[in-house]
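Here is a short briefing to read alongside the model. Take a look at the fold and its surface first, then follow the points below.

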Amino acid sequence: MTSAGSRGFLLVATGAALWGSGGIAGAFAAKYSSLSWPAISSARLLLAGLLMLVLTAITGDLRRVQLTRESVRRIVATGVATAIYATAYFQSLPVVGVAVAPVVSLGPAPVAVAVYAASRDWRVPGRSTVLALVAALTGLVLVSNPTTPAADHRWFGLGLGLALLSGLAFAASTVVNQRVVPGLNPRTIIATSLTLAGLGSAPLGILTGADFTTVTAPAWAAIGFLVVFQTVIAYLAYFGGLQAGLPATTAVLVLLIEPLTATLLALLILHEQLTVPVLLGMVLLMLAVVLVRPGRRSRVHGRRNRDSRPAREKSG
């Protein structure tokens, strides 16, 4: 197990756990105000982006940004992907439920990233990755149960489509940000892309209901939690994990901690229904995370190297 791989794994896992709390916090913000879900999403992105801009200005990171063509492309691509991901995800929450939405949104991400990585490198994914993908997809199907009381059956198909769209946008952001751009660190990427995403998604939030005079103290507390913990700290952890060298396919599989967290919080706080298929799905999702953890992958590669050494010595 390399120290960089372990650090990247822990950072992504931390970000995933924090992201898993977003549905609960968003539900509280919506309950104690008349803000629409798109308005909550755009406010979260914009406030988090502005907070990060202030922090990067204080630390000097913003002054050190090298505005090259590559860095501008990275900022714009990340901002657009983040706006699509966040807006579609938050809009799917009231339709399919806090427990189901994060599960479905992550469904296409591991497969999309794995297919991209395999086609780019002309290399078939390893056995552990394939098993993790199978476990993840099976678990996602089991957890995505439209019979949960939170689901709105009239619009359930649309909600699933929005959740899937958010997952594909997030997968695109993951692939784009795996490689380091000279003169552009994770903090400046997050600050600029979140601000851009917040501005880009603000018109939809305004059109669907953004009366901030109705926001009560509990709603402000929920929005504050979304901004500081579920966005700023979570994004810093996730992008830090990617740039610590964690492969993109592994990163999106580790993100399965997000739907696990969301499902547990929905069961405990919102009292959403726990069925046997949902429980089995959660077990499979955790199995997928275990299969791609750095320690296990290192031991598997070590055994393969030891097993192949005698054969090489005999052939020599």
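Which helices each supply at least two residues of the nonpolar patch? They are helix 3 (37-59) and helix 10 (217-243). This is a predicted model, in which local features need pLDDT of at least 70, side-chain atom pairs count only at pLDDT 80 or more, and totals for chains, interfaces and linings use all residues. Residues are numbered from 1 along each chain as its sequence is written, and side-chain values use heavy atoms, leaving out hydrogens and water.

**Overall fold**
- The protein chain has 14 helices and zero strands; helices (H or I, at least four residues) and strands (E, at least two) are DSSP runs, numbered from the N terminus.
- Of its 316 residues, 52% count as buried, meaning under 20% relative accessible area, with exposed over 50% and partly exposed in between (1.4 Å probe, protein chains only).

**The nonpolar patch**
- L51, V54, L55, I58, F225, V228, F229 and I233 make a nonpolar surface patch of about 650 Å².
- V228 lies in helix 10 and counts as partly exposed because its relative accessibility is 34%.

**Helix 13**
- Buried residues in helix 13 include V278, G281, M282 and L284, and also L285, A288, V289 and L291.

Methods: Patches are made of residues with over 30% relative accessible area and no salt bridge: like charges are joined within 9 Å, nonpolar side chains (Val, Leu, Ile, Met, Phe, Trp, Tyr) within 5 Å. Accessible areas come from the Shrake-Rupley method with a 1.4 Å probe; for residues, only the protein chains shown count as cover. A salt bridge is a side-chain nitrogen of Lys or Arg within 4 Å of a carboxyl oxygen of Asp or Glu.
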